[in-house]
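Open the model in your viewer and keep the selection panel at hand. This tour moves from stop to stop, telling you what to select and what is there.

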Amino acid sequence: MKGDEQVIRAVNAAEVAPTTYAWEIRAEGLRVKAGRRMAVDGVDLSLGAGVHGLLGPNGAGKTTLIRALATVLRPAGGELELLGASVGGRTEQRRLRRQIGYLPQDFGFYKRFTVREFIEYMAWLKEVSKKDIPAAVQRAIERIGLADRADDRMKTLSGGMIRRAGIAQAIVNDPRILLLDEPAAGLDPAQRLRFRELLRELGSDTCVVVSTHLVEDVAMACTDVMLIDEGKPVFRGTPSELEAAGGAGDAGDSPIERGYTALLARHQPDRGSR
Amino acid sequence: MIRTELRRSAAPWAAVLIVGIAAVLLFAFSGPWWKGGGAWNREWTGLARWERNTLMLVWPFAIGVGALQGLRDHRSGMAELLTTTSRPRWRRAAQTAGAMAIAMTAGYLVIFAIGAVQVAGNATYFHWGWAPILLVGVLSLIGAAWLGMGIARLAPSVLTPPLLAVTALAVAVVTQVSPVGGSLLSGSVPDRIAWLSPVQDGPDDAFTSVAGRMNLGQGLWFLGMAVTGFVLLAATRAATKLLAVVPLLAGAAVALPLLPATVAQAQEVDQGAVALVCADGLPRVCVTNVHQEFLGALVQPAREALALLGKVPGAPTSVEEVTTGEPFYGRRPVVAGVVQIDFDDFDLASGLRSTTDPDRLRRYLVAGAGTPTCYGRVEMDENYERERAARAVSAAGLTGELRPLSGSGSAYFRNELETLARPAWESFRVLPAAEQIARLSAMRVAAETCRGGTLEILTNGVAR
Amino acid sequence: MRWFVLYARSRGIPLALAAILLSTTSFWALAALDGAPDPELSVLILVAGTAFAAAGLTGQDIALDRIAAIRWPPRRAVHVLAIAVVVGSALLFLQNWGDPLSLAGVVLRDTFGLTGLAALGATLCGGQYAWTFPTGWFAFSLGVPIDASVLSQVAGWLWQPPGTPAATAASLVLGIGGTLAYAVCGNRR
């Protein structure tokens with residue numbers, strides 16, 4: 001598995017320097033507005049290296065939370081620290097954004113660019129140094145398995161391939177924080193298996209936050225899970241703890257689905273099934 | 001990185017279409033840019049100015065393409081992803097804007113190169129005066145494209161490109177300045193404002209160039225436009241976007257006082273072009289620098305013509321080319337003692353070209369006993385035809401036989417000869433020599449002062 | 001009626017109508033400054049109108065339009081002709097100089113041809129780029145010299161006096177051809 005990837009790259013001093021922060025992402029009482037609603041209401045996070053799943057019903061505020069972590073939205077209240085630095089201020093943002101990778105839910109792209117050109121462009125935008133760009137792009141393309149379509153235009157790709165190209169642009173700058181919003185949408189089962197492997201590999205040294213509806217991916221690949229509902233945190237723990245929360249009486253076709261419904265029901269008992 | 005933009009954005013389309021449209025316009029249609037000394041493929045300055053004239057079509061197109069390019073981020077839905085990247089917005093904007101600028105410049109230069117190949121074959125006089133004209137043209141395209149990109153970023157609607165293109169077209173139409181001065185919408189747009197459009201009429205002759213202050217003023221205006229467009233493209237805060245209009249206003253404020261107030265001030269005489277080049281020996285035969293390749297062919301017939309003209313008292317003693325274009329009405333001031341020649345005159349051109357009729361050039365020079373026509377470029381009425389007949393008869397009187405002044409192949413020229421000139425010649429020919437000389441002399445006096453009635457003097461001895 | 005309103009909103013017609021109205025009145029005001037009618041600005045009003053309306057010839061989602069059960073060709077043809085009627089009557093309504101009857105002939109010819117061009121542009125390139133066709137031909141014809149050659153008459157068909165056969169033929173070909181092409185093919189982009 002790891003053996004196919006032989007590309008070696010030089011690390012620079014910044015990467016081997018000891019970190020000055022305890023958690024890559026730290027939030028206390030985070031509140032974020034989406035439009036006029038307070039979509040994220042009082043979320044506390046301490047996320048380090050690993051794959052952190054984000055689950056919740058539709059409209060729970062998952063996407064808003066991810067966007068706040070990606071520095072797209074400004075928090076309306078509470079504290080947010082990324083890589084030890086408080087979010088806000090121009091130069092701080094630039095330094096942060098060099099080390100963040102983000103895949104939005106509505107992933108837009110330049111249709112006329114080829115895959116390689118698009119990822120190169122995103123690498124340049126994230127200030128990967130010019131001489132490293134071709135190698136980094138090639139590595140990213142091979143990791144997500146688009147090497148044979150790398151020189152085709154984006155508009156000729158299928159939906160799943162476009163999603164994979166989006167993941168590639170998120171990882172091309174070897175970010176410390178990787179934020180993926182519905183990354184497995186449109187991937188076929190074999191691709192999803194490869195993607196889970198990739199997630200595990202990335203999670204060994206990166207803080208990955210994956211927001212998804214596919215609970216199986218969460219069960220297999222994530223080191224811990226957060227469940228939020230209506231902007232408020234409901235559960236924080238490992239996938240096995242999530243499975244343990246459910247019982248035979250809860251709706252669901254797999255242990256983790258039953259745990260999910262059980263926790264939601266406990267959180268909002270008067271809501272009924274959603 | 002800019003190579004990707006050059007390949008994948010709207011830039012290459014822009015360049016190809018600029019070249020295509022301008023080339024079709026210049027090649028396919030026989031407009032004023034094919035005619036005369038000011039033709040687009042004759043002289044360098046003429047080429048530059050006629051290329052500016054094609055901006056009538058290309059400039060609104062440039063702003064429309066810029067707007068289409070500026071919509072790209074909005075249409076592709078990439079806006080959110082782009083805000084999470086670290087490179088500052090102006091760097092990103094510089095890539096796209098730079099690619100567009102390269103494409104515009106390349107397209108414009110290609111057209112110039114196509115014309116330059118022809119001019120290099122035709123022209124012998126070279127002067128750098130065309131360079132500022134070309135530069136202002138390039139600046140106007142870049143300014144328009146960047147402004148289009150900036151405005152489309154501000155207002156990313158599908159209606160923005162057509163709105164901008166149509167507005168630019170309206171500006172180009174409204175600011176057309178007619179050659180006799182004043183805009184086509186007579187009086188409603190002062191000339192100074194009209195020069196804010198990059199479209200320029202081509203020259204009528206090879207001797208004038210664009211005044212320096214006009215190039216400078218227009219250059220500064222388009223520079224301001226380009227800066228405004230770029231700031232709009234690169235601005236992240238609302239305050240900066242508001243401030244973006246400042247370069248545009250500053251450009252206008254600086255340019256308007258600089259720009260000439262009238263059409264006459266906008267042109268200047270190209271001193272290098274009108275300098276006279278003369279053949280060795282006497283009598284003097286001189287042409288301007290622009291046409292010096294014709295001097296060799298002109299010398300012998302010119303001196304023979306002067307010898308023939310010597311039969312009539314008070315004859316001119318030299319042959320010189322005129323240094324201004326032919327006016328629309330009336331004629332240029334006459335210089336005493338000089339036969340003026342105009343290389344735009346079709347009779348002279350016909351004489352220079354003719355291989356079957358070597359005396360035609362000499363006939364042209366002695367016509368009217370060495371005086372030029374009294375009528376301007378657009379005066380082609382009955383008086384003009386009678387004067388032409390008189391010129392033919394006077395040429396016949398000096399050379400001994402009646403031949404048409406221009407090619408006898410055309411029915412028009414044969415006709416004009418037969419109806420008016422032939423009867424006059426018949427009656428003139430039988431007169432005694434002294435009477436002929438007297439009438440020619442009287443005719444010349446009348447022609448010099450443009451009193452009219454030259455044909456009557458030749459036939460009846462007295463003016464009407 | 002409801003169908004018509006929804007269709008109009010999906011094609012961005014209210015915004016296009018507002019743009020047409022705004023441009024027509026401002027160009028006409030500009031021309032009225034001068035007193036005497038300026039043919040170039042009048043035709044420019046027609047060009048602007050067709051250019052703005054052309055964007056609405058493409059819907060939001062081509063695939064959704066294609067799977068519709070209704071018969072598109074007659075509706076598309078009506079859309080194109082409606083553009084011609086609206087734009088042409090906007091100009092005629094605002095003009096109050098010259099001989100209305102002879103002017104109407106020129107306006108009719110020019111409008112029909114320009115609308116056909118816009119429809120052709122929508123068929124070939126999609127609604128976003130359709131405006132380039134009428135605008136481009138107009139700008140091109142500004143530079144074409146007025147002489148008697150057939151090429152000039154066809155290229156400059158917008159400017160020819162009423163009754164010029166070459167110009168009328170050009171307008172008919174463009175108008176009918178464009179309408180048919182759009183009605184039959186829709187837009188593939």
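**Stop 1: a loop in chain B**

Select Pro333(B), in the loop that runs between strand S5 (318-321) and strand S6 (338-341) of chain B. Bear in mind that this is a predicted model. Is Pro333(B) buried or exposed? Pro333(B) has 8 C-beta neighbours inside 10 Å, so Pro333(B) counts as exposed. Glu448(B) is 115 residues away from Pro333(B) along the chain, yet their C-alpha atoms are separated by 9.7 Å.

**Stop 2: chain B as a whole**

Colour by secondary structure: chain B has 22 helices and 6 strands. Of its 464 residues, 49% count as buried. Take the contacts in chain B with a separation of 6 or more: 73% of them join residues 24 or more positions apart.

**Stop 3: a covered helix**

Select residues 44-53 of chain B, which form helix H3. How many of its residues are buried? The count is 10 of 10, so to speak a mostly covered helix. The buried residues of H3(B) include Trp44(B) and Trp50(B). Arg49(B), Glu51(B) and Arg52(B) are also among the buried residues of H3(B). Next, show what lies over them. The cover includes H2, H4, helix H7 (89-122), H8 and strand S1 (208-210) of chain B.

**Stop 4: two crossing helices in chain B**

Select helix H8 (residues 130-154) of chain B together with H9(B). Their axes come within 10 Å and cross at roughly 140°. That angle makes H8(B) oblique to H9(B). The crossing of H8(B) past H9(B) is right-handed. Show side chains where the two helices meet. From H8(B) come Ala144(B), Gly148(B), Ile151(B) and Ala152(B). From H9(B) come Thr160(B), Pro161(B), Leu164(B) and Ala168(B). By class, this contact has 6 nonpolar, 2 polar and no charged residues.

**Stop 5: the nonpolar cores**

In soluble globular proteins, nonpolar side chains tend to be buried together. Here the largest nonpolar core has 140 residues. Which residues have the most contacts inside it? They are Trp59(B), Met104(B) and Ala145(B). H8(B) gives the most to this core, with 14 residues.

Centre the view on Trp59(B). Beyond its neighbours within four places in sequence, Trp59(B) is in contact with Ser140(B), Leu141(B) and Ala144(B), among others. Its contacts also include Ala168(B), Ala172(B), Pro198(B) and Val199(B). Ala144(B) and Ala168(B) also took part in the meeting of H8(B) and H9(B).

Another core lies apart from the largest one. It has 82 residues, among them Leu55(A), Ile66(A), Ile228(A) and Leu242(A).

**Stop 6**

**Stop 7: where A meets B**

Move to the other contact. Here 23 residues of chain A are in contact with 15 residues of chain B. Select helix H3 (90-98), strand S6 (100-103) and helix H4 (115-125) of chain A, which each supply at least two residues. H4(A) gives the most, with 5 residues. This side of chain A divides into 11 nonpolar, 2 polar and 10 charged residues. Chain A and chain C do not touch; their nearest C-alpha atoms are 12 Å apart.

**Stop 8: a helix pair in chain C**

Finish with helix H3 (residues 39-54) and helix H5 (residues 72-94) of chain C. The axes come within 9 Å and cross at roughly 150°. H3(C) and H5(C) are therefore roughly antiparallel. Their crossing is right-handed. Ser42(C), Ile45(C), Leu46(C), Gly49(C), Thr50(C) and Ala53(C) in H3(C) face the partner helix, meeting Ile83(C), Val87(C), Ala90(C) and Leu91(C) in H5(C). By class, this contact has 7 nonpolar, 3 polar and no charged residues.

Terms used
Residues are numbered from 1 along each chain as its sequence is written. Chains are lettered from A and ligands numbered from 1 in the order in which they are written. This is a predicted model: local features need pLDDT of at least 70, side-chain atom pairs count only at pLDDT 80 or more; totals for chains, interfaces and linings use all residues. Axes are lines fitted to C-alpha atoms, for helices over the stretch in contact, and angles run from 0 to 180 degrees between N-to-C directions. Helices (H or I, at least four residues) and strands (E, at least two) are DSSP runs, numbered from the N terminus. Angles under 35 degrees count as roughly parallel, over 145 as roughly antiparallel, 65 to 115 as roughly perpendicular and the rest as oblique. A crossing is left-handed if the near helix is turned anticlockwise from the far one by less than a right angle, and right-handed if clockwise. Two residues are in contact if their C-beta atoms, placed from the backbone, lie within 7 Å. Ala, Val, Leu, Ile, Met, Phe, Trp, Tyr, Cys and Pro count as nonpolar, Asp, Glu, Lys and Arg as charged, and the others, Gly among them, as polar. A nonpolar core is a set of buried Ala, Val, Leu, Ile, Met, Phe, Trp, Tyr and Cys residues joined through C-beta atoms within 7 Å. A residue is buried if 20 or more other C-beta atoms lie within 10 Å of its own, exposed if 12 or fewer, and partly exposed in between; C-beta atoms are placed from the backbone.
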